[in-house]
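This report goes through one protein model, beginning with a pair of charged side chains and then widening to the fold as a whole.

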Amino acid sequence: MQRDTRLARLLHVLIHMHLRGGTTTSQTIALMLHTNPVVVRRTMGALRDAGFVTSTGGPGGGWALARDLDTLTVRDVCEAIAHTSLFAVGPAQDNDACPVEAAVNRRINAALATASAALMTAFGEVPLSEIAGEIRAPATRGRPR
């Protein structure tokens, strides 16, 4: 089953941008994520539309943080991405007239709604600056503290 990694990838990008002074190019992001700049521009568009980053085109252009990581949560980024569902599990749609399928779907949908609300609440409690704070400076990596 294919997982949707956009949230993890965009959090990765935003935190790298912050650690690198707030700006970067689509090419640099593409190298980080092992993809191509066209995919980066399309994906970053959701962050631009949400007001989290700005973009400039042409030579010397790229992406710049438009918000401080203290003011962005994992939930904010998650909501900026157009998700069909947070989970791969879902109701069946084989026979709309079947009362058994309807009962099963009601239970699955209720559980998914509860789980989604809990996940989004947890995501809302994590500012990106907190994740960035977990990153050690390159000079200290690998050395005992």
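## An exposed aspartate and its partner

In this predicted model, aspartate 49 counts as exposed, because its relative accessibility of 66% lies over the 50% cut-off. The side chain of aspartate 49 meets that of arginine 48 in a salt bridge, with an N to O distance of 3.9 Å, and arginine 48 is itself partly exposed at a relative accessible area of 37%.

## The other salt bridges

The structure holds three salt bridges. One of them joins the side chains of aspartate 4 and arginine 6 at 2.7 Å, N to O; aspartate 4 is partly exposed at 44% relative accessibility, and arginine 6 is likewise partly exposed, at 29%.

Another links arginine 75 to glutamate 79 at 2.8 Å, N to O, and these two residues lie four apart in helix H4 (residues 74-80), which means that about one helical turn separates them. Arginine 75 has a relative accessible area of 31% and is partly exposed, as is glutamate 79 at 46%.

## Overall fold and surface

The protein has six helices and three strands, which follow one another from the N terminus in the order α-β-α-α-β-β-α-α-α. Its radius of gyration is 19 Å, well over the 15 Å that the globule rule gives for 145 residues, so the protein is more spread out than a compact globule. Along the principal axes, the C-alpha atoms fill a box of roughly 60 × 40 × 25 Å.

Of the 145 residues, 26% are buried, while the accessible surface comes to about 9,400 Å², with 55% of that area belonging to carbon and sulfur atoms. The mean positions of the 15 positive and 12 negative charges are 10 Å apart.

Technical notes. Residues numbered from 1 in each chain as written. Predicted model: local features only at pLDDT ≥ 70, side-chain atom pairs only at ≥ 80, totals over all residues. Heavy atoms only, no water. Rg over C-alpha atoms; globule rule 2.2 N^0.38 Å. Buried < 20%, exposed > 50% of the residue type's maximum accessible area, 1.4 Å probe, protein only. Areas by Shrake-Rupley, 256 points an atom, 1.4 Å probe, with all protein chains shown as cover. Lys, Arg positive; Asp, Glu negative; His and termini not counted. Charge placed at Lys NZ, Arg CZ, Asp CG, Glu CD. Salt bridge = Lys/Arg side-chain N within 4 Å of Asp/Glu carboxyl O.
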